[in-house]
Amino acid sequence: MTKTPLQFTLNGKDTAVFVDGGANLLDVLRRVVGDLSPKYGCGQGTCGTCTVLVDGEPQLSCLTLAESMSGHSLETLNGLATGANLHPLQRTFMESFAAQCGYCTPGMIMAAKALLAKNPNPTREQVIESISGNICRCTGYEPIIDAILQAAVEMRSGRVA
Amino acid sequence: MITVDTYTNANEVSGAFGSDTAIMGGGTLLMGALNYGRQNITKIVRITDPVMKQIADAGDRITIGAGVTMSEVIRSRDLVFLAPVAQSVGGPAIRNMATLGGNLFAGTPYGDFTVALLALDGIVKYANGSEQDLEGFLASRGNRRDLVVSVSVKKPAANEFRYRKVVRVKPMGRSVLSIAARLPTSAGRIANPRVAFGAMGTTPLRAKAVESALDGAALDANGIQAALAAVSKEFQPPDDSLASGWYRNEIAPVYLRRLLLNEGGA
């Protein structure tokens with residue numbers, strides 16, 4: 001089968017791979033690159049657990065044609081921590097018990113990261129809107145919203161990873 | 001095996017159409033279909049022509065490129081009246097991907113943005129330069145082998161355009177139904193209204209009996225009674241996992257009244 005060369009930046013690192021025609025970005029990240037942080041959930045844009053950032057904006061990697069990512073800058077959950085130092089969102093998710101099974105967490109955190117990059121001081125309603133494309137079947141959402149708001153507080157006050 | 005052909009010039013795409021070819025907008029519908037095993041696609045066509053991304057003000061109308069995403073609509077100063085419609089489509093990630101062009105071809109209960117375009121007298125423009133009114137386009141959707149490059153809509157005056165989407169899950173949910181209306185007034189009466197519904201048929205549809213009932217009526221509780229009576233008989237809506245056709249017909253006048261009178265209750 002013919003493969004297509006593809007280059008992009010993943011979590012700040014230049015990345016070059018060969019992809020199958022029609023492959024989605026999630027498959028390429030997980031099976032070709034080996035970044036297992038974005039998850040496969042519904043495959044149709046409903047659950048949001050495959051959310052990654054493309055040039056800083058959230059996109060659903062399971063619905064993104066991999067070949068369309070040539071030259072773009074991608075961010076996944078794997079790129080958030082600096083060594084052993086967790087990103088504030090990762091830390092507040094743990095401290096707020098915002099993860100139970102944890103399957104939605106990569107998408108939730110990436111959606112929240114995109115929000116906080118644009119709006120460091122969001123309202124509760126803005127947080128809810130930012131994760132409106134992400135489904136959690138465990139927590140009832142409240143701990144997740146609290147975690148994002150707490151991360152915003154910490155990031156504004158300079159308590160960073 | 002699937003191949004991906006990328007065109008930088010929209011005018012060159014017309015020769016690429018085939019029974020096994022899919023034109024990709026934002027990919028939110030096409031890639032989902034591929035994930036679920038759709039087998040009859042061997043070629044995906046991507047178009048990166050900047051013309052597909054243009055938003056152009058042209059007097060009393062405004063032209064929106066087929067590649068403009070819902071997020072780009074929300075950010076556009078020229079499309080403030082359409083921002084609430086785009087905001088009702090999916091969550092932030094979907095809105096960063098989903099395009100006007102894809103929305104034109106979305107099956108029920110998707111395609112809420114097209115409902116608004118229909119109420120705003122949308123005109124589809126093809127890559128070969130020809131045009132077609134959106135109502136005619138929707139009636140024969142998918143039959144024509146030419147690329148849609150843009151849709152132009154009539155710019156509504158202040159408070160002239162209204163839109164509601166009825167969902168079971170907020171803030172993101174698929175449509176139980178959606179309604180868009182352009183309600184010009186003259187001498188205190190509605191004049192030449194356009195009303196469109198989503199999820200009440202296989203494509204977005206104009207509510208022509210409702211439009212007739214509203215034309216010349218006062219925009220108040222008494223004036224809209226004939227329109228509310230007409231809407232329940234206007235469509236033969238589908239049954240799906242969100243609602244039965246019977247239910248959709250029952251609630252259509254409720255939400256039409258709320259839209260027309262600017263009442264609360266989503």
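In which loop of chain B does B:Pro109 lie? B:Pro109 is found in the loop between helix H5 (100-104) and helix H6 (112-119) of chain B. Helices here are DSSP runs of H or I with at least four residues, and strands are runs of E with at least two, numbered from the N terminus. The peptide bond that leads from B:Thr108 into B:Pro109 is cis, with omega near 10°.

The model is predicted: local features need pLDDT of at least 70, side-chain atom pairs count only at pLDDT 80 or more, and totals for chains, interfaces and linings use all residues. Residues are numbered from 1 along each chain as its sequence is written, while chains are lettered from A and ligands numbered from 1 in the order in which they are written.

B:Asp121 is not a glycine, yet its phi is positive, at about 60°.

An automatic or database domain assignment divides chain B into domain 1 (3-47), domain 2 (50-154) and domain 3 (161-260). The centres of domain 1 and domain 3 of chain B, taken over C-alpha atoms, are separated by 34 Å.

Chain B also has an open sheet of 3 strands in the order S1-S3-S2, with parallel pairing; two strands pair if DSSP finds at least two bridges between them. Strand S1 (3-7) and strand S2 (21-23) of chain B are the edge strands, each pairing on one side only. From one strand to the next the twist averages 25°. S1(B) and strand S3 (residues 43-47) of chain B run parallel and are joined by 5 bridges. Opposite B:Tyr7 stands B:Ile47 in S3(B).

In chain A, helix H3 (residues 105-118) packs against helix H5 (residues 142-157) at an angle of about 40°, with the axes 11 Å apart. Axes are lines fitted to C-alpha atoms, for helices over the stretch in contact, and angles run from 0 to 180 degrees between N-to-C directions. H3(A) and H5(A) are therefore oblique to each other (under 35 degrees is roughly parallel, over 145 roughly antiparallel, 65 to 115 roughly perpendicular, and the rest oblique). H3(A) contributes A:Met108, A:Ala112 and A:Leu116 to the contact, and H5(A) contributes A:Ile144, A:Ile148, A:Ala151, A:Ala152 and A:Met155; residues are in contact if their C-beta atoms, placed from the backbone, lie within 7 Å. Of the residues in this contact of H3(A) with H5(A), 8 are nonpolar, none polar and none charged (Ala, Val, Leu, Ile, Met, Phe, Trp, Tyr, Cys and Pro count as nonpolar, Asp, Glu, Lys and Arg as charged, and the others, Gly among them, as polar).

Terms used. Two residues are in contact if their C-beta atoms, placed from the backbone, lie within 7 Å.
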